[in-house]
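Me: I am new to this structure. Could you show me how to read a few of its features?

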Amino acid sequence: MNRSSFFNDLLASIAEQGRHLLDLRRERNPSGRALGELCEALLSGRGEASGVALARDVLTSYGALSVEERLAFFQELHERFGPDREKVEAAARAVIEAPDDDARLRQLHAVSEPRRQELIRRLNLAPGGTSALVRMRKDLIDALRANPALREVDRDFEHLFSSWFNRGFLVMRRIDWSTPAVILERIIRYEAVHAISDWNDLRRRIDLADRRLYAFFHPALVDDPLIFVEVALTRDIPGAIPPILAEERDELAAADAGTAVFYSISNCQEGLRGISFGNFLIKQVVEELRRDLPNLKTFVTLSPVPGFRAWLTSALESGEPPLPALVSDELRDMLGTGADAPLPETAREPLRALCAYYLVREKRGGQRPLDPVARFHLGNGARLERVNWNADPSRNGLRQSYGLMVNYLYDLGDIEKNHEAFAANGAVAAASGVTRLLKSVPEQKKQTPDPVA
């Protein structure tokens, strides 16, 4: 981390010297469109010091823009800094005329790359450039829904970030009570699954013998985590979150635990959406735990089902099969009650069956599960192990899934097989208890292959 700080200080010094070399007649606080002129100057420049200074000016000016001006800047990136289509067409014709000419292939590759990719690379030279670009992409993602044409710009950010945040650059650190306060504060703020209420709550999650928290860091972001996972060490596979988060509970000696439970995974940087870290983090944490605690035999999650209630509500309104066979009029009335109201025990088995159906058979694009958490863990090679009733009675749990949670089991002997089957045809690895739940749900012709037992 000290090396990164030294490097940023060095870049800042270079930028300050470069500022004295610049003699550009430009607005000191340009608007979104006018900022394009600064970007042109940055792309056309050759000097290192002036380039670093210009990059810092662009990022500083961007930070002062309003939401509307930032949108104008993104539109400028889209319209002005894409590939030159005439040059691409000419280079493509040249390759067709002489397909064995390597020089022509290199030229086609060079002119095909959007100019904004090189612009983003040069902006990254500024002190704190990587962090500023991650924040910039967050703004871009926010603008995408109303401006889908900007997806071309977003693809360039994602392409570069996938290289800059390659697994080889990431460092895993265990977070404990001796971790600097600035990181601990960010952990509290970034927790996205089970909110951390205060410092005492955080301490219960990281400073007890049967609790762990691990995070990935990138050298360019210094003390700002990319993603973290919270782990509970237990004797058995848990079926509910309250005992794990309870203030008053019996602490378990780590040597007495047989199960490691991943009960919360939080992505910290919205600007890195689409850049996958979680699969690497879980696998590295498993290796770390196996090395430190050889008594651990079971690695499992206790996961939310964030899309279940919304899917069921929509399916009920549309009358989509198989709901008529499972949802009685009485249950339908129960499901229509307030979002914060727990359901009676009579709803237990129908809802567990519907949840299993949703996770195993309801597919996005015919191949991948609708539920984002399911896509993540099943894509990593985990097995859908159990569907748990009344597992998260919190307001958020009831609103997401009527309080249901599930366990995904990471069976180390089957992870690769499960991953390959999922990648090839969307096959969901499911335990026998889940397949028994599915037997009460009528099979639909539109569905993809049966789950792997």
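Me: Where is the place of Ser266?

Reply: This is a predicted model. Ser266 sits in strand E4, residues 259–267.

Me: Is Ser266 buried or exposed?

Reply: Buried means under 20% relative accessible area. Ser266 has 0%, so it is buried.

Me: Which residues is Ser266 in contact with, leaving aside its neighbours within four places in sequence?

Reply: They are Tyr190, Glu191, Ala192, Val193, Leu226, Ile227 and Phe228. Look at Ala192 again. Its backbone nitrogen lies 2.9 Å from a polar side-chain atom of Ser266.

Me: What should helix H9 span?

Reply: The expected span is 1.5 Å times one less than the number of residues. Helix H9 covers residues 151–164, which is 14 residues, so it should span 20 Å. Its end C-alpha atoms are 20 Å apart, which agrees.

Me: Which residues of H9 are buried?

Reply: Val153, Asp154, Asp156, Phe157, Leu160, Phe161 and Trp164. Seen down the axis of H9, these fall within an arc of 155°, so they line one face of the helix. They pack against helices H4 (67–80), H7 (115–123) and H8 (129–144).

Me: And what about helix H13?

Reply: Helix H13, residues 278–292, has 15 residues and should span 21 Å. The end C-alpha atoms of H13 are 21 Å apart, so the two agree. Its buried residues are Gly278, Asn279, Leu281, Ile282, Val285, Val286 and Leu289. They fall within an arc of 160° down the axis of H13, so they line one face.

Me: What do the buried residues of H13 pack against?

Reply: Their partners include strand E1 (171–174), strand E2 (211–217) and helix H18 (372–379). E4 is also one of them, the strand that holds Ser266.

Definitions and conventions: Residues are numbered from 1 along each chain as its sequence is written. This is a predicted model: local features need pLDDT of at least 70, side-chain atom pairs count only at pLDDT 80 or more; totals for chains, interfaces and linings use all residues. Side-chain values use heavy atoms; hydrogens and water are left out. Helices (H or I, at least four residues) and strands (E, at least two) are DSSP runs, numbered from the N terminus. Buried means under 20% relative accessible area, exposed over 50%, partly exposed in between (1.4 Å probe, protein chains only). A polar contact is a pair of N or O atoms within 3.5 Å; within protein, one must be able to donate a hydrogen and the other to accept it, and residues adjacent in sequence count only if both atoms are side-chain atoms. Contact means heavy atoms within 4.5 Å. The arc is that of the directions from the helix axis to the C-beta atoms.
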